[in-house]
Amino acid sequence: MRAILEIQKQLLPDLMEQLKKRYTVLHHIHVSRVVGRRTLATSLNMTERVLRGEVEFLKSQGLLEVESFGMSVSESGVRLLEQLEPMIRELFGLSELEEQIRKAFKVKQVTVVPGDSDTSPSAKKELGRAGASALRKLVQEASVIAVTGGSTMAEVANHVQPSASLKASLFVPARGGLGEGVELQANTIASIMAKKSGGQYRLLHVPDHLGEEAYLSLIQDPNIQEILSVIRRTQIVVHGIGEAMAMAKRRKLDAETVSRLRQDGALAEAYGYYFDKQGNVIHKMTTAGLRLEDLENTRVIAVAGGKSKGESIAAVLKYGREQVLVTDEAAARETLKYI
């Protein structure tokens, strides 16, 4: 396929550009489910006049359904998107990016979606869809699935769909709450994933950041001990990756700790641990929840995107626990700079 695409690029470059444009329009509508023309034009950075022509063509081919409340992709359109995906991955160079990251960081499976989640809401939605798809494929039997919080994980939760193995699974938060908006907390995301998939869930009602004395007191509680024992039997973890300083601010770490993180070269945060550019753990939170030692026999899916996350993603991958990475094109290209 790659050889054929290279020939087409040379002989019919305009056709390739038209294919990419129409695929992008159709794909964005599919990810959005229902969207208005003006909103779509803004998202794609395209004039409404140009978009109108593409929409009319796609509608004439039976690929779009246009109603007064917005546009959606028809069943024929969904099938076409599925058939086009392998070709599009080659056309956009995503397959090559996936292979480069797999080899460089020794990750078993890598999925790269188009775009930059930092600047494109539709790219972030596609990241969530791909993350949910990776989870569905990985879960082959009843499992305990731990999830972290954050906006990317919330997008993954929005795209989870039922399957026999997910229905038999138990979703749990990997750690306590950050004290931010409830919709982004791990408890909420675990419950949404369970409801969307038909599975069960358990919650951990403790703050994420605890002092040593508070931590020792809380883990004596029988109810906390029981849910922690479930969390530490996790078989699959789905987590995001944060920039170290941004996460330190969200976690409201004291000035002394933040200063130490800077001095030690902290670049990334995942499940309450901070990593430097070599992938070494340089700081861990005193908190109830999943610990690194609990990941020894656990399958780990990391979902993170945006150019700004590239160096952070590289740092976490160097630690070497992730079997699956789902990211976007901008983050993938940036990550490869830090091999």
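## The end of helix α14

The model described here is predicted. Just after α14, glycine 265 takes a positive phi of about 80 degrees. The helix itself spans residues 255-263. At its start, the backbone nitrogen of glutamate 256 has a side-chain oxygen of aspartate 254 within 3.1 Å.

## The two faces of α14

Three residues of α14 are buried: Thr257, Val258 and Leu261. They lie on the same side of the helix, because the arc they cover around the axis is only 100 degrees. The partners against which these buried residues pack are α13 (244-250), β10 (273-275) and β11 (281-284).

The face turned away from this buried side carries exposed residues, namely Ala255, Glu256, Arg262 and Gln263.

## The parallel sheet

Elsewhere in the model, 7 strands form an open sheet with parallel pairing, in the order β3-β13-β12-β7-β4-β5-β6. The edges are held by β3 (109-113) and β6 (200-201); each has a single partner strand, so one side of each is left without a neighbour in the sheet.

Strand β5 (residues 170-173) runs parallel to β6 and is joined to β6 by 2 bridges. Across this pair, leucine 170 stands opposite glutamine 200 of β6.

## A helix on the sheet

Helix α10, formed by residues 186-197, packs on the sheet and touches β4 (144-147), β5 and β6. The direction of α10 makes about 165 degrees with that of β5.

Definitions and conventions. Residues numbered from 1 in each chain as written. Predicted model: local features only at pLDDT ≥ 70, side-chain atom pairs only at ≥ 80, totals over all residues. Heavy atoms only, no water. Buried < 20%, exposed > 50% of the residue type's maximum accessible area, 1.4 Å probe, protein only. Helix = DSSP H or I, 4+ residues; strand = E, 2+ residues; numbered from the N terminus. Arc of directions from axis to C-beta. Contact = heavy atoms within 4.5 Å. Polar contact = N/O pair within 3.5 Å; in protein donor to acceptor, adjacent residues only side chain to side chain. Pairing = 2+ DSSP bridges. Axes fitted to C-alpha atoms, helices over the stretch in contact; angles between N-to-C directions.
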